[in-house]
Amino acid sequence: MQNSKILKRIIYTIIAALLCVVAVIYGQLNSSAFADTTDGVRAAYENTNVWDNLQGSTIGGNTFNIEDYPHNENGKPQILSFVEFCYSCYSDKQDDFGLYVYVYNPQDIAFDTNTERNKIQFRCGNLQSAKYTLEFLNYSKAAGYEGRFYKFKILLSQTENRNILKSLNENSRVYEITEIELVVKGSVTAYPCGAKYTYSGYVKGYGSELAESDTLSCIVDGFDKCIDLNVKHTYYRPQGDYYNGEQSQLNSCYFRVPNKYFEDYGELSKIICEWYEYFTKPILVTEDSYTFNKINALHGADTDTLSDDMYFLFNVFWENAKSSWFTKSGISDWTSNYGYEVGDTYHWGFLWLNGTEVVHEDFSNFAAVFYTGGKDCEDYEVDGNVLKDKLLNNSKYLGGELLNDRYSKYLFEDYVQNGYEYGFNHKEINADDMQDVFWHVTTKDFWQTAFSGNFNVETIYDSKKAIEVLTDSDLTGSNSEIAGSLYINEKDVQSLKDEHAKAKTNGEKVVLFRYSSTQYMSAPCTSTYCRKADIDGGETLVKTNCENWGKSEFNAYVSQETVYLDFDIISLWFTSDGVETEIPVVHTPTDIISGLIPPLKEDYHNQKYKSILSIIFAVVAVIILIALIFFAIKYLFPRKTVVQIVEKKKKE
């Protein structure tokens, strides 16, 4: 008897869940992350297969017919149904509430399912547009229709769930769907939806206790108040004076927006965007093919794992050395497969008057390495897409914990630059917000030039508004002048001009969006190697690197930079007469990884000039010393001469 009751309860639960689906499967469906029960209505519904759910259901007012959903090699995924599951206006009946998505997959491609990068963007009630993660539930497995349909749950935190329930109008619950983002083999693509789902009524048991049947209904309309953006990225690094390897970097993007939005809703006043921010570990660019081959074979692993018969030492000169005529100290960061210790001091030369400390601070690995083909490294740049491919390739070899499902965490520092947020960033950037660009201007006085490595540093700041709608006058002049005026990369000026020309033809405006200002690090590097049998305590490697540094004979450079993974624009906001209007955006998230450029020239740090001055002052010092000795003998000693003193000794 007890088993019979349990069985009836299970059957009733599943039937109730399926009735919900039949009633509401008018559009797209998402699976709620709020389903934490294991034996409730939601759990029963989530465990049913998408294929079974669709049979006999109603889609857009029509009975589901598989002939309407054929295989199409060129077709794009579509949201088939957005399901509001078991909504109730009564707080004690809201535990079963959830949102689900059904997707029609005409190409029968395999979506990545073990990822948090599958997302849906929508807004409801008085909430802003937001992205929510899709949790995979199942796909159709019927013969000939494997993977034709997918079933997802929209993951909602307790806060998100509560906010959505509070925002909804119980009599007319409106969900405006902008896009769905799906991942295939690690690559994410955004698919526009443009649909509005208006739900009313209730599933039996979730509305009035006196209701004798389901009253739930849904109307699906088009939703055209959204913009599909084609976003292009650029960056700007001012040619200021070198200082500790630092350059300012202004990160920007640009895109076209139809004029009608400005005409209907006013000025573009705010942009909401998201990204994941990380700072790379050092990246090596070398002139030496042997070094490249050995470091490249590590794929980002520790340099001390080199199994070659060679010891390597890399010294990176982020900072100017503290130096005197005889010694140099604290000159660099370093990495090596030899067992140097932080603070080790090495001396060589006559009377130990020459020497250096090996280290300022050590690091363990290079995130990537590039070969110049034998060209001078000071003239060699690395394209951002090439760097991205190398980081992805190294990540496949390293494995381990991944950032954003693709990049090995070991290729990035566990921090970002001061004032910035590691990992996920959600930003609301206003048009009048300012982004800073800085220049370091360094000078040396006479004594600094002659005797020390010290110098005076002055930092000059300039600022640009975060959002700028471009006009014809902004793109007048040479490419160099335009880049300098707008603070963008000169290589991207022609692309910006092309976008502006398209905008004028199509009745659009080009928006330049400056979203972040960081520091790009790039510093000269000297590297050398020797046979393990010839290591001589590590002194020769240190000496060779330091002497090459003293002669400015660098054979590599090392860079670090901030990257923005899955950069995404969520919405544009327009303001007219104090009234704000949100326009959701369709945009495929993009990894923003800028190119590498060599360090800036150090005009103030001319070693040859300093060496000549040092020699001159050394000679002058010797002459002065001789003159002082002569003066002391002649005027400061007692008047008895040395000869008189000697004769007196003889008489005694």
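How are helix 9 and helix 10 oriented to each other, roughly parallel or roughly perpendicular?

The views show a predicted model, in which local features need pLDDT of at least 70 and side-chain atom pairs count only at pLDDT 80 or more, while totals for chains, interfaces and linings use all residues. Residues are numbered from 1 along each chain as its sequence is written, and side-chain values use heavy atoms, with hydrogens and water left out.

**View 1. The crossing of helix 9 and helix 10.** The axes of these two helices, which are lines fitted to C-alpha atoms over the stretch in contact, with angles running from 0 to 180 degrees between N-to-C directions, come within 10 Å and cross at roughly 85 degrees. Helix 9 and helix 10 are therefore roughly perpendicular to each other, a term that covers angles of 65 to 115 degrees. Helices here are DSSP runs (H or I, at least four residues) and strands likewise (E, at least two), numbered from the N terminus. In the contact (heavy atoms within 4.5 Å), helix 9 contributes Asn479, Ile482, Ala483 and Leu486, and helix 10 contributes Val493, Leu496 and Lys497.

**View 2. The salt bridge of Lys504 and Asp472.** A salt bridge is a side-chain nitrogen of Lys or Arg within 4 Å of a carboxyl oxygen of Asp or Glu, and in this pair the N to O distance is 3.4 Å. Lys504 lies in helix 10 (residues 493-506), whereas Asp472 lies in the loop between strand 29 (467-469) and helix 9 (479-486), 32 residues apart. Lys504 is exposed, with a relative accessible area of 55%, and Asp472 is partly exposed at 44%; buried means under 20%, exposed over 50% and partly exposed in between (1.4 Å probe, protein chains only).

**View 3. The salt bridge of Glu46 and Lys153.** The closest N and O atoms of this pair are 3.7 Å apart. Glu46 belongs to helix 2 (residues 41-46) and Lys153 to strand 7 (residues 149-154), so the pair ties together parts that are 107 residues apart in sequence. Both Glu46 and Lys153 are buried.

**View 4. The salt bridge of Lys465 and Asp432.** These side chains meet at 3.6 Å, N to O. At 44% relative accessibility Lys465 counts as partly exposed, while Asp432, at 56%, counts as exposed.

**View 5. A network of salt bridges.** Arg117, Arg406, Asp566 and Asp591 are linked in this network, and the structure holds 25 salt bridges.

Notes: Parallel < 35°, antiparallel > 145°, perpendicular 65-115°, else oblique.
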